[in-house]
Amino acid sequence: MYAQNNRNNTEAQRKAAAQRQLRQAQKYQSRNQHENALRILVPLYNRNPGNMQFYSALLDSYFQLSMLPSAEQLIQKQREKNPGNPRYDIDYGEMRFRANDKESARQIWDEVLKKHIDNVGVFTMVANVMARNRLDDDAAEVYMMAFKHHPEKVYLLKSLGDFYRQRLKYEDALKYYFDYVRREPENYRNVIRQILSFKLDEETQVEPILKIISEETKKSKGLAEARIITAKFYQKYRRYEDALMIYKALENKETQGKYLLEYGSAVLSDSVYNLALSAYNTVIERFPDANNVLPAYLGAARCNMALASKNNDQEYARQAAEIIKKVQQEYPRHNQVAQLSLLEGDIYRQFFFDIDKAIDTYLQVARKYNTQSNIREKAYRKAGESYIIRGDLEKADEILNRVTSPKEKPQAAYLQAKIAYYQGNYEDTRAHLSTILKVEGIAGKVANDVLALQGILLHESSAPEALKFYAQADWLLMQEKKSEAISKLQNALDLQPPGHFKIRILFDAAGLASEIGEYPTALEYCNQVLTDESLKFYADEAIYIMAGIFDFKLNDYAKAYELYDRILAEFSDSQFVLPARDRLKDIRRKNPDFTP
């Protein structure tokens with residue numbers, strides 16, 4: 001028994017070593033280093049005659065190096081081990097083709113196909129060899145012959161589609177893909193992936209492909225799967241409204257809104273909130289009793305929140321709040337209601353700036369879902385953040401101490417660092433930040449914020465008073481008091497901080513002034529960068545910011561053009577050269593009559 005086990009172990013080790021050698025040879029082949037591959041493959045095959053893996057790899061290197069006599073000998077050796085296998089006749093045909101005896105090669109392949117007409121695998125092998133040798137038309141003809149003799153093998157139509165797709169012949173690929181879907185509609189998802197992988201030039205190729213897809217869909221006589229393919233293609237190329245129309249038409253009592261839900265999720269991720277909202281509302285209206293209706297409510301609430309932020313419109317926020325209230329009443333025990341309740345707190349805080357109501361909502365959620373640690377901890381974190389906004393730093397710190405879960409703790413600890421920062425307690429700030437980095441590393445969720453705050457603290461020794469004003473501005477920003485924050489930043493500038501701190505303050509002030517529409521003030525802060533000799537290293541960025549204000553805020557294209565052009569003329573190595581050049585082209589394209 002021991003001897004038998006030992007022999008088995010030795011054999012297993014030998015096979016494992018052979019596989020390692022094969023992988024190394026294949027690495028050489030992938031780098032086109034076939035001479036090195038042969039040094040491994042020749043002895044490997046000789047030790048394992050007849051092994052199909054080693055044979056295939058060795059034959060490939062012989063072919064790549066045009067070592068055709070060696071290839072012929074190898075094929076003959078392999079044929080002797082398994083004389084009835086048509087693979088070796090096909091390989092021999094390839095050897096003749098590579099020897100420029102093309103007529104002989106074609107004759108060999110034809111004879112193999114006739115002899116094995118009932119074996120669809122032989123057709124596939126011959127087609128693959130032909131394709132490998134750039135006989136595309138012949139390979140396609142073999143695939144079609146295979147389907148003619150084996151019409152039950154519907155997958156051959158998809159193989160033909162794949163064949164043409166790989167050669168970028170998308171029109172032909174679509175013909176066979178849709179034919180395949182019409183015969184096996186249940187496998188349409190495999191085809192969608194291939195069609196969406198087409199590498200198309202959006203300006204010249206998308207419309208012709210869309211036309212072909214529409215024609216093939218019409219041939220499919222209302223087949224739902226064909227229409228889904230069309231809708232997915234519309235989605236990929238941002239024809240969102242066309243896709244939505246198809247999905248709305250497809251939905252019925254059986255589908256219960258599943259296509260619209262999938263669509264809504266996708267376009268919500270693409271920030272097309274109005275169409276996502278339309279999809280979710282359609283599910284709510286048409287399928288109020290379906291299992292999908294709750295995700296639709298959740299999606300609609302999120303869309304309304306996004307639209308409220310995008311348009312600065314509280315009406316969307318009110319609609320989101322109404323949806324949440326309805327769900328809370330109708331589905332009080334559903335697990336997603338907790339997430340919606342947190343969203344309700346966000347609405348009060350972000351859109352109505354009712355911080356007390358937001359805090360009450362978060363704390364209620366923490367109590368109500370006390371057994372769900374992920375919900376409870378997130379609610380405490382949000383409540384702590386809200387206390388900071390309200391100005392109660394001690395209460396915020398107390399609440400944030402309740403957050404202990406690995407997922408929420410880093411963000412809570414960062415907020416505690418900000419509390420210490422606002423209080424002027426920089427040692428505690430550093431301690432919190434160091435703890436976060438030790439636990440999370442530089443790949444953590446808040447790592448960038450942590451590193452940024454550590455950088456700001458470096459100014460403590462050189463500009464302690466300016467740093468206090470800068471911290472106060474940051475706190476005011478949390479409270480959405482942007483005008484007051486600008487005043488604090490100006491207080492910091494009045495103290496004449498060192499250049500490396502001054503530039504940060506100037507750009508922050510310019511950004512805030514632009515956000516609240518005080519464009520002359522924003523431009524003046526940028527202009528201070530240009531007139532300060534110690535800040536000349538940042539002149540290109542200041543000019544780019546100024547150009548953006550004239551371009552996008554003031555619609556003064558002449559001034560924007562002048563500033564973009566200045567970047568190209570004076571700062572050839574700047575990171576802003578490429579975006580500036582793009583904007584110059586865009587201004588000329590959209591304003592053909594414009595004369596700089």
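Student: Is Lys 221 buried or exposed?
Tutor: Buried means under 20% relative accessible area, exposed over 50% and partly exposed in between, with a 1.4 Å probe and protein chains only. Lys 221 has a relative accessible area of 77%. Because of that value, Lys 221 is classed as exposed.

Student: What pLDDT do local features need?
Tutor: Residues are numbered from 1 along each chain as its sequence is written, and side-chain values use heavy atoms, with hydrogens and water left out. This is a predicted model in which totals for chains, interfaces and linings use all residues, side-chain atom pairs count only at pLDDT 80 or more, and local features need a pLDDT of at least 70.

Student: What is the phi of Lys 221?
Tutor: Lys 221 sits in the loop between helix H12 (206–219) and helix H13 (224–236); helices are DSSP runs of H or I with at least four residues, numbered from the N terminus. Most residues other than glycine have a negative phi. Lys 221 is not a glycine, yet its phi is positive, near 55°.

Student: Where is Ser 271 found?
Tutor: Ser 271 also has a positive phi, of about 65°, although it is not a glycine. Its relative accessibility is 38%, so it counts as partly exposed. Its place is the loop between helix H15 (258–269) and helix H16 (273–286).

Student: With which residue does Lys 219 form a salt bridge?
Tutor: A salt bridge is a side-chain nitrogen of Lys or Arg within 4 Å of a carboxyl oxygen of Asp or Glu. In the bridge formed by Lys 219, the closest N and O atoms are 3.3 Å apart. The partner is Glu 216.

Student: Is Glu 216 buried or exposed?
Tutor: Lys 219 is at 52% relative accessibility and therefore counts as exposed. Glu 216 has a relative accessible area of 5%, so it is buried.

Student: How far apart are the closest N and O atoms of Arg 87 and Asp 91?
Tutor: Both residues lie in helix H5 (residues 86–98), four residues apart, about one turn of the helix. At 3% relative accessibility, Asp 91 counts as buried. The closest N and O atoms of this salt bridge are separated by 2.9 Å.

Student: How many salt bridges does the structure hold?
Tutor: Among them is the pair Glu 398 and Arg 402, with closest N and O atoms 3.2 Å apart. Asp 551, Arg 583, Asp 586, Arg 589 and Lys 590 are linked by salt bridges into a network. The total for the structure is 39.

Student: Which helix gives the largest share of the negative patch?
Tutor: In such a patch, like charges are joined within 9 Å, and each residue has over 30% relative accessible area and no salt bridge. Glu 103, Asp 110, Glu 111, Asp 137 and Glu 141 make up this negative surface patch. Helix H6 (102–115) and helix H8 (136–149) are the elements that give two or more residues to the negative patch. The largest share, three residues, is from H6.

Student: Which residues form the positive surface patch?
Tutor: One of its members, Arg 23, lies in helix H1 (residues 2–30). Arg 23 counts as partly exposed because its relative accessibility is 46%. The positive patch is formed by Arg 20, Arg 23, Lys 27 and Arg 31.

Student: Which residues does Arg 79 touch beyond four places in sequence?
Tutor: Arg 79 belongs to helix H4 (residues 68–81). Its relative accessibility is 19%, so it counts as buried. With contact meaning heavy atoms within 4.5 Å, and residues up to four places away not counted, Arg 79 touches Tyr 88, Asp 89 and Tyr 92.

Student: How far apart in space are Val 122 and Val 112, C-alpha to C-alpha?
Tutor: Val 122 lies in helix H7 (residues 120–132) and is buried because its relative accessible area is 0%. Leaving aside neighbours within four places in sequence, Val 122 is in contact with Pro 86, Ile 90, Val 112, Leu 113 and His 116. Val 122 and Val 112 are 10 residues apart in sequence, and their C-alpha separation is 7.9 Å.

Key: Patches are made of residues with over 30% relative accessible area and no salt bridge: like charges are joined within 9 Å, nonpolar side chains (Val, Leu, Ile, Met, Phe, Trp, Tyr) within 5 Å. Accessible areas come from the Shrake-Rupley method with a 1.4 Å probe; for residues, only the protein chains shown count as cover. Lys and Arg count as positive and Asp and Glu as negative; His and the chain ends are not counted. The place of a charge is taken as NZ of Lys, CZ of Arg, CG of Asp or CD of Glu.
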